[in-house]
Amino acid sequence: MYMHLLLQVGTLIAVAVLAIILLIIIIAILAYSIRIVPEYQRIVKLRLGKFKGIYGPGIVFIIPVIDRPITMDLRVISIDLSSQRALTKDNVEVTIDAAVYMRVIDASKAVLSVTDYRSATVTLGAAVLRDVIGMVDLDTLLTQREEVAKRIASIIDEHVSPWGVKVTAVAIKDIKLPDTLIRAMAAQAEAERMRRAKVILAQADYEASQMYLKAADTYAKNAISLSLRQLDTLLEVAKEHNLILVVPSSLEVTALSALAAATLKKQEGSGVTQQG
């Protein structure tokens with residue numbers, strides 16, 4: 001009687017354990033089979049090795065063992081092309097840090113056409129970067145960085161488009177030049193600034209001389225303006241209280257002017273006599 005009861009209890013326990021194991025297996029299968037795909041992802045499904053289709057977003061059912069799901073992200077990603085050495089058209093070695101921005105537009109091609117589209121794009125981008133830098137000189141690279149980056153992006157995009165990948169942009173983050181070239185460029189910039197400063201100073205001197213000529217003509221035509229100018233100069237000098245000014249009177253100025261005019265007239269008369 002007791003043995004029969006124990007046997008029934010053991011059978012019930014075994015059945016319960018088996019049911020729990022089956023439940024765990026079913027839950028695991030359901031967890032693997034049911035996928036929730038967000039809006040920015042797609043699942044490429046291969047059934048028995050054959051392409052089945054692209055699924056998502058939403059709930060996607062996967063048959064265990066039979067189906068192989070491959071998740072692809074459709075958002076824009078950036079790939080660094082750091083420390084790429086290149087030789088410009090005018091034989092200057094530069095080191096460039098750049099980044100490639102791209103996104104998957106066809107998940108099936110990105111899975112079926114290339115093993116790893118990211119590493120392939122990195123390798124291709126580095127080669128294209130060096131080739132494009134070799135076709136431009138240093139001045140173009142420094143002054144037209146955006147145009148060079150657009151050319152690189154266009155060439156890379158042309159090569160990766162069969163992989164279902166779209167290159168949106170290429171950013172040249174940094175251009176490192178040799179130290180000797182940096183010093184030479186700094187010296188050139190300083191010399192250019194000195195040249196501009198000298199040109200500006202010479203232009204200022206020329207304009208001042210023209211103004212002096214105009215002022216001299218005005219003073220020659222109007223003696224009162226010359227007197228006013230003298231008074232203004234005396235006022236400026238008088239601001240220094242430690243100076244003693246000796247100013248000639250108007251009679252003395254008139255006499256000196258008459259004497260100078262007579263001397264000049266006499267010199268002109270003697271010159272005419274000598275010529276005769």
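Predicted model: local features only at pLDDT ≥ 70, side-chain atom pairs only at ≥ 80, totals over all residues.

Trainee: What percentage of the residues is buried?
Mentor: Of the 276 residues in the protein, 24% are buried. As for the surface, the protein exposes about 19,900 Å², with carbon and sulfur atoms supplying 63% of that.

Trainee: Let's zoom in. Where is Gln 84 found?
Mentor: Gln 84 belongs to strand E6, which covers residues 77-87.

Trainee: Is Gln 84 buried or exposed?
Mentor: Buried: its relative accessible area is 14%, and the cut-off for buried is under 20%.

Trainee: Which residues does Gln 84 touch, leaving out those up to four places away in sequence?
Mentor: Val 94, Thr 95, Ile 96, Ala 126, Leu 129 and Arg 130. The side chain of Gln 84 also has a polar atom 3.4 Å from the backbone oxygen of Ser 82.

Trainee: Now the sheet. In what order do the three strands come?
Mentor: The order is E6-E7-E8, in an open sheet with antiparallel pairing. E6 and strand E8 (165-176) are the edge strands, each pairing on one side only. From one strand to the next, the twist averages 25 degrees.

Trainee: How many bridges do E6 and E7 pair over?
Mentor: Nine, in the antiparallel sense, with E7 running over residues 93-104. Take Leu 81 as an example: its bridge partner in E7 is Ala 98.

Trainee: What about helices, which strands does H3 touch?
Mentor: H3 (residues 117-133) packs on the sheet and touches E6, E7 and E8, with its direction at about 35 degrees to that of E6. Helix H5 (residues 145-160) packs on the sheet too, touching E7 and E8, and its direction makes about 145 degrees with that of E8.

Trainee: Back to H3: what caps its N-terminal end?
Mentor: Asp 116 does, with a side-chain oxygen 3.2 Å from the backbone nitrogen of Arg 118. Buried residues in H3 include Ala 126 and Leu 129, and both of those are among the residues Gln 84 touches.

Trainee: Nice, that ties the helix back to where we zoomed in. Thanks!

Definitions and conventions:
Residues numbered from 1 in each chain as written. Heavy atoms only, no water. Helix = DSSP H or I, 4+ residues; strand = E, 2+ residues; numbered from the N terminus. Buried < 20%, exposed > 50% of the residue type's maximum accessible area, 1.4 Å probe, protein only. Polar contact = N/O pair within 3.5 Å; in protein donor to acceptor, adjacent residues only side chain to side chain. Contact = heavy atoms within 4.5 Å. Pairing = 2+ DSSP bridges. Axes fitted to C-alpha atoms, helices over the stretch in contact; angles between N-to-C directions. Areas by Shrake-Rupley, 256 points an atom, 1.4 Å probe, with all protein chains shown as cover.
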